[in-house]
Amino acid sequence: MEQILDAAEYLFSVHGLYGVTLKDVAQRVGVHHTLLNYYFTDKKKLFDAVIARRAEVTSTLRMRALDDYDAATRGKPTVEGALRAFLDTDLDLYGQGGENWKNYGALGAQVSNTPYGAELMDYHFDPVVLRLIEILKKALPGCAEEDIFWGYHFVTGALMLSLARTGRINRLSGGLCDGEDFEAIKARMASFMAAGFLSICKPKTDSDPA
C-alpha cells in the first residue's frame with residue numbers, strides 16, 4: 001500500500017489529478033492494475049488517500065507546536081512566534097523528510113489552486129489554520145479580523161509557492177537563491193510575514209487612504 005501511495009503521490013505531483021490513471025500508478029509500482037482496483041474503486045479515492053496520508057502527520061505536528069507555543073507564552077504570543085510554530089514545523093517536514101515529502105508538498109501546492117483540491121485542504125487543514133488564527137488574534141488584539149485572515153491568505157500563498165519548487169527563484173536570482181533550500185526559506189519566511197501582519201494591522205489615521 002505504501003508503494004502504491006508513493007507512486008501515486010509522485011505521479012499526481014507531476015501530472016495532476018486528471019493527468020494520471022490507475023493503470024499509470026500500477027505500471028510505476030510494477031503490479032497489474034486490477035490490484036489497484038481492488039483497493040481503490042476509482043482514481044479520486046486514491047487521490048484522497050494520498051492527500052490524507054501526510055495531511056494527518058503535518059496537521060498533528062503543527063497543532064501540537066501551536067498548542068505548546070500558546071501554553072509557553074501564557075496568553076502573550078507574538079506574531080512571529082505563532083508563525084514559526086506553524087511554518088517552521090511544516091518546512092522541517094518538507095526539508096528533512098526526503099523526496100516523498102517534497103513530492104507531497106508539490107502536490108499540495110498544485111491542488112490547493114483547484115476547486116476539488118481546495119475542498120480537501122478545507123477538510124484536512126482548517127482546524128490547524130483556525131488554531132493559528134486564534135493565536136494571531138491574541139498577538140494582534142487591535143487588528144481587524146479580516147486583516148488577520150488576509151494575512152494568512154498571503155502566508156499560505158508564499159508557502160505553497162515555496163513547496164511547488166518550480167525553480168523560478170533559482171533562475172531569477174541567477175543561482176543566488178535555491179528554491180530547494182528549505183532552511184533558507186525557514187530562516188526568512190516567518191519574519192517576513194510577521195512584518196506584513198504588523199504593517200496591515202497598524203491603527204489607521206485620518207491621513208490613511210480609505
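Predicted model: local features only at pLDDT ≥ 70, side-chain atom pairs only at ≥ 80, totals over all residues.
Visitor: Which residues have the most contacts inside the largest nonpolar core?
Guide: Phe 12, Val 25, Leu 46 and Leu 83. That core has 61 residues.

Visitor: Which elements give two or more residues to this core?
Guide: Helix 1, helix 2 (22-29), helix 4 (43-73), helix 5 (79-96), helix 6 (99-111), helix 7 (115-139), helix 8 (145-164) and helix 10 (182-200).

Visitor: And which one gives the most?
Guide: Helix 7, with 10 residues.

Visitor: Back to Val 25. What does Val 25 touch, not counting residues up to four places away in sequence?
Guide: Ile 4, Ala 7, Ala 8, Leu 11, Val 20, Leu 36 and Leu 46. Leu 46 is also among the core residues with the most contacts.

Visitor: New topic. Where does Asp 88 lie?
Guide: In helix 5.

Visitor: Is Asp 88 buried or exposed?
Guide: Buried. Its relative accessible area is 13%, and buried means under 20%.

Visitor: What is Asp 88 in contact with, leaving aside neighbours within four places in sequence?
Guide: Leu 83 and Lys 186.

Visitor: Now the surface. Which residues make the nonpolar patch?
Guide: Met 1, Leu 35, Tyr 38 and Tyr 39. The patch covers about 460 Å².

Visitor: Where is Met 1?
Guide: In the segment before helix 1 (2-15).

Definitions and conventions. Residues numbered from 1 in each chain as written. Heavy atoms only, no water. Patch = residues over 30% accessible without salt bridge, like charges linked within 9 Å, V, L, I, M, F, W, Y side chains within 5 Å. Areas by Shrake-Rupley, 256 points an atom, 1.4 Å probe, with all protein chains shown as cover. Salt bridge = Lys/Arg side-chain N within 4 Å of Asp/Glu carboxyl O. Helix = DSSP H or I, 4+ residues; strand = E, 2+ residues; numbered from the N terminus. Core = buried A, V, L, I, M, F, W, Y, C linked by side-chain atoms within 4.5 Å. Buried < 20%, exposed > 50% of the residue type's maximum accessible area, 1.4 Å probe, protein only. Contact = heavy atoms within 4.5 Å.
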